[in-house]
Amino acid sequence: MGPDDRPVVRRVVVAGAGMAGVQTAVALREQGFTGTVTVIGAEPHQPYDRPPLSKAVLLGTAEGSAFDVDFDALGIELVLGREVTGLRPADHALDTEAGPVPYDVLVVATGAEPVRLSGAEGVPGVHLLRTLDDAERLRPVLARQHDVVVVGAGWIGAEFATAAREAGCAVTVVEAADRPLAGALPPEVAAPMTAWYADAGADLRTHARVARVEPGTVLLDDGTRLPAGAVVVGIGARPATAWLAGSGVALGAHGEVVADSGLRTSVPDVYAVGDCASFPSARYGERLLVHHWDNALQGPRTVAANILGEATGEAPQVYDPVPYFWSEQFGRFVQYAGHHGAADATLWRGDPSGPAWTVCWLRETRLVALLAVGRPRDLAQGRRLIESGTPMNPTLLTDPARPLKKATTA
């Protein structure tokens, strides 16, 4: 294809108005795209940021969390309160409940939706914490200081339990696994976090499964009845991609869009970014599906660059970030960078029963991931060391008084 035969991209349509969708639109403008940019969102609200939902919005310390983006000034068309229903790549058309929308390039950024608790559908007082509406519905629950049962001791469950305790609610957290964060962290790393619940006055029940939910009560499979003025479910999320059925866009085992290293899908002129897409990581030698805010911030820059680059014939940019996220729970600031799946050594900096400590994962002396509790400097330095692949000195690394950047073999 010669330079004159390249398709002219005049219209980019973004399906999804969360962080990844909005940032893709903004990045297109920042990088000089002059065509039409349309962002289509299912929720009726102005696009908003998600991390404060389980924190400030719930406690009433923030009135909302709308993005500080002047869409009009950037020439970004927002179409809100409209569900996408399908994709017809051959026609370059995105189907919505209000009719088809034509595109030259489509960006799939529909995010993830919460996993529902079986047997709890339609029961009054059961809440999923994922959207702004969810958070608003829970504010009065906290204000009335109800007995609250949280199902799931993952990141979102711990954050909500923290907010509920701060509001003066009695809180019971029910977790099917033997520890908090069972799907995210190895047993020895999650173990010290178990004590955080009791320290905050929350009752953590592990090996506990919900049999059913009745109005005002959660019944566990061992017969225990827990009083519950409200039930908050945080048992994970799955990519919101059911609408892509029959489109030819390849999906992975978790229902995520299988994107390539430039975040392109299996269908021409369609990209995917954020919670709904996995990408191959050369750094980690496996495909990553990252459900965190930083991924939804970084990925759009690659998508925008590749949309613009295709028109000029530039080689695609490769997306291979060091994943990062943070969580505030029970008075602790927890940060994680990297991916520990392929590590061959786990080293500790500091006492995990204390207020501040770090876990480092190494593979052949190189840092591949770390979890920092109350040690933001470790996180900042560690993230750079993961990116650079600098060999570490394990003996020096385990001294919590030594800066991580001074624990290298160099």
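Entry 1. I began with Asp 378, which at 4% relative accessibility counts as buried. I note that the structure is a predicted model.

**Entry 2. Asp 203 and Arg 205.** I next examined the side chains of Asp 203 and Arg 205, which form a salt bridge at 3.0 Å, N to O. I looked up the exposure of each residue. Asp 203 is partly exposed, with 31% relative accessible area, and Arg 205 is partly exposed at 29%.

**Entry 3. A pair across the chain.** I turned to Asp 199 and found a salt bridge to Arg 332, where the closest N and O atoms lie 3.8 Å apart. I placed both residues in the secondary structure: Asp 199 belongs to helix 6 (residues 187–199) and Arg 332 to strand 23 (residues 332–338). The two are 133 residues apart, and I recorded the pair as a link between distant parts of the chain. Asp 199 itself is exposed, its relative accessible area being 58%.

**Entry 4. Network and total.** I also looked for linked salt bridges and noted a network that joins Arg 88, Asp 91 and Asp 95. Finally, I recorded the total for the structure, which is eleven salt bridges.

Methods
Residues numbered from 1 in each chain as written. Predicted model: local features only at pLDDT ≥ 70, side-chain atom pairs only at ≥ 80, totals over all residues. Heavy atoms only, no water. Salt bridge = Lys/Arg side-chain N within 4 Å of Asp/Glu carboxyl O. Helix = DSSP H or I, 4+ residues; strand = E, 2+ residues; numbered from the N terminus. Buried < 20%, exposed > 50% of the residue type's maximum accessible area, 1.4 Å probe, protein only.
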